[in-house]
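Colleague: I would like to learn how to read a model like this. Can we take it feature by feature?

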Amino acid sequence: MSESKMKAILVHEYGGPDVMKLEEVERPNPLAGEVLVKIHYATVIPLDWKIRNGWVQKVFPKTLPYIPGFYATGVIESTGPGVTEFTVGDRVFGMIVGAYAEYGIAKVNHTAKTSNAEFAVAPVDELVKLPDGLTFKDAATIRAGADTAWKALFTEGELKAGQTVLIHAAAGGVGQFAVQLAKWKGAHVIGTASTSNLDFVKSLGADQVIDYTTTAFEEVVKGVDLVVDAIGGDIENRSWAVLKPGGILVALTQPPSQENAQKHGVTAKFNTKFPTYANLQTVAQLIADGTIRAEIDSIFPLSQANKALEKSEARHGRGRILLSIDS
């Protein structure tokens with residue numbers, strides 16, 4: 001393969017896993033204010049397969065073919081004119097749309113009319129340097145995982161030391177970090193998980209773990225300050241009653257019912273705010289220091305991106321699913 005080419009997953013039509021094809025495409029070149037990132041690991045998130053299935057075209061329109069992926073870790077390969085934030089060789093993580101490729105431009109090019117627009121993935125300020133001691137793999141778990149947990153707990157949930165939080169899906173990609181960050185903050189942590197994940201959630205520091213396959217959480221939990229709901233639907237409906245008056249429910253999957261919130265005298269928020277640069281730096285340092293740990297469910301090579309998304313869609317994993325781009 002020539003130096004002007006790279007491998008990437010392309011989606012030419014909406015559909016199931018079989019529409020994802022590993023192909024050779026032109027490697028992009030950074031323009032003014034852009035950087036070229038050699039990607040090491042891409043993060044697999046549910047939005048990847050929802051877009052591929054064609055379920056969210058109105059919210060996330062794509063020009064076909066497109067390269068999937070939103071978040072990744074890697075090394076700055078080259079910089080465009082005027083870039084002073086990074087130098088070649090810097091290890092970074094962040095939003096790199098079109099991350100299912102060997103390289104990606106970390107800058108949105110709103111005027112691009114060619115397929116290179118699919119590589120134009122995020123502003124330079126979406127990238128964060130990895131602190132010493134943080135591996136590429138662990139850094140790939142931060143965006144849409146640890147940062148979402150941080151926002152839900154502290155930005156939206158206003159969690160303070162001494163308060164009690166109920167975290168649904170506590171073994172998941174967001175839940176695992178929410179448990180650890182809440183304990184780091186000094187909160188009392190209750191988590192829900194399946195039978196096979198009870199010990200895992202306890203190992204993260206949860207004070208109480210409820211097996212949702214055998215126990216209705218609303219029968220054993222009362223008067224919590226905060227509920228972090230990564231499931232929605234019936235789980236949200238059953239969560240109102242466990243909050244104390246004035247408590248907060250933060251929904252991660254859908255806007256919560258304001259009518260039910262008013263009825264129960266609580267506040268309902270949809271986790272829509274973006275993490276600050278300082279938030280991301282703090283989380284990265286906490287992982288690098290070993291204060292919190294990143295649980296990785298599985299790592300697939302780029303050629304098996306279809307299998308990685310299948311596993312994500314099954315929704316039975318523990319921790320994060322990653323693509324190893326350079327394997």
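Colleague: Which residues in helix H10 (residues 305-314) are buried?

Modeller: Some ground rules come before that. This is a predicted model, so local features need pLDDT of at least 70 and side-chain atom pairs count only at pLDDT 80 or more, while totals for chains, interfaces and linings use all residues. Residues are numbered from 1 along each chain as its sequence is written, and side-chain values use heavy atoms, with hydrogens and water left out. Helices (H or I, at least four residues) and strands (E, at least two) are DSSP runs, numbered from the N terminus. Buried means under 20% relative accessible area, exposed over 50%, and partly exposed in between (1.4 Å probe, protein chains only). In H10, the buried residues are Ala-305, Ala-308, Leu-309 and Ser-312.

Colleague: What covers the buried residues of H10?

Modeller: Contact means heavy atoms within 4.5 Å. The cover includes strands E1 (5-11), E2 (20-26), E3 (35-44), E14 (296-301) and E15 (320-324), along with helix H1 (46-52). Just after H10, Arg-315 takes a positive phi of about 60°.

Colleague: How many residues has the largest nonpolar core?

Modeller: A nonpolar core is a set of buried Ala, Val, Leu, Ile, Met, Phe, Trp, Tyr and Cys residues joined through side-chain atoms within 4.5 Å. The largest has 50 residues, and Ile-142, Leu-153, Val-165 and Val-201 have the most contacts inside it. H3 gives the most to this core, with seven residues. Apart from it lies another core, of 46 residues, among them Ala-72, Tyr-100, Leu-302 and Ala-308.

Colleague: What does Ile-142 contact?

Modeller: Leave aside neighbours within four places in sequence. Ile-142 is then in contact with Phe-93, Leu-134, Asp-147, Leu-280, Val-283, Ala-284 and Ile-287.

Colleague: Asp-147 is on that list. Is Asp-147 buried or exposed?

Modeller: Asp-147 counts as buried, at 4% relative accessibility. Its place is in helix H3 (residues 142-156).

Colleague: Which backbone nitrogen lies 2.6 Å from a polar atom of its side chain?

Modeller: That of Ala-144. Not counting residues up to four places away in sequence, Asp-147 touches Ile-142, Pro-275 and Leu-280.

Colleague: Now the aromatics. How many aromatic pairs are there?

Modeller: Rings of Phe, Tyr and Trp (its six-membered ring) pair if their centres lie within 6.5 Å; planes under 30 degrees apart count as stacked, over 60 as edge-to-face and the rest as tilted. The count comes to six aromatic pairs. In one of them, the rings of Trp-150 and Phe-154 have centres 4.9 Å apart and planes at 80°, so the pair is edge-to-face. Both residues lie in H3, four residues apart, about one turn of the helix. Trp-150 also pairs with Trp-184, and this pair is tilted: 5.7 Å centre to centre, 40° between the planes. That pair links distant parts of the chain, with Trp-184 in helix H4 (residues 175-185), 34 residues from Trp-150.

Colleague: Are these two Trp residues buried or exposed?

Modeller: Trp-150 counts as buried, at 12% relative accessibility. Trp-184 is partly exposed, with a relative accessible area of 38%.

Colleague: What lies over the face of Phe-154?

Modeller: A charge sits over a ring if NZ of Lys or CZ of Arg is within 6 Å of the ring centre and within 35 degrees of the ring normal. Lys-185 lies over Phe-154, at 5.3 Å from the ring centre. The charged end of Lys-38 sits over the ring of Tyr-103, 5.8 Å from its centre.

Colleague: Last, the backbone. Where is there a cis peptide bond?

Modeller: One joins Leu-64 and Pro-65, with omega about -5°. Pro-65 is found in the loop between H1 and strand E4 (71-79).

Colleague: What is the phi of Glu-158?

Modeller: Positive, about 55°, although Glu-158 is not a glycine. Glu-158 is in the loop between H3 and strand E8 (164-167).

Conventions:
A polar contact is a pair of N or O atoms within 3.5 Å; within protein, one must be able to donate a hydrogen and the other to accept it, and residues adjacent in sequence count only if both atoms are side-chain atoms.
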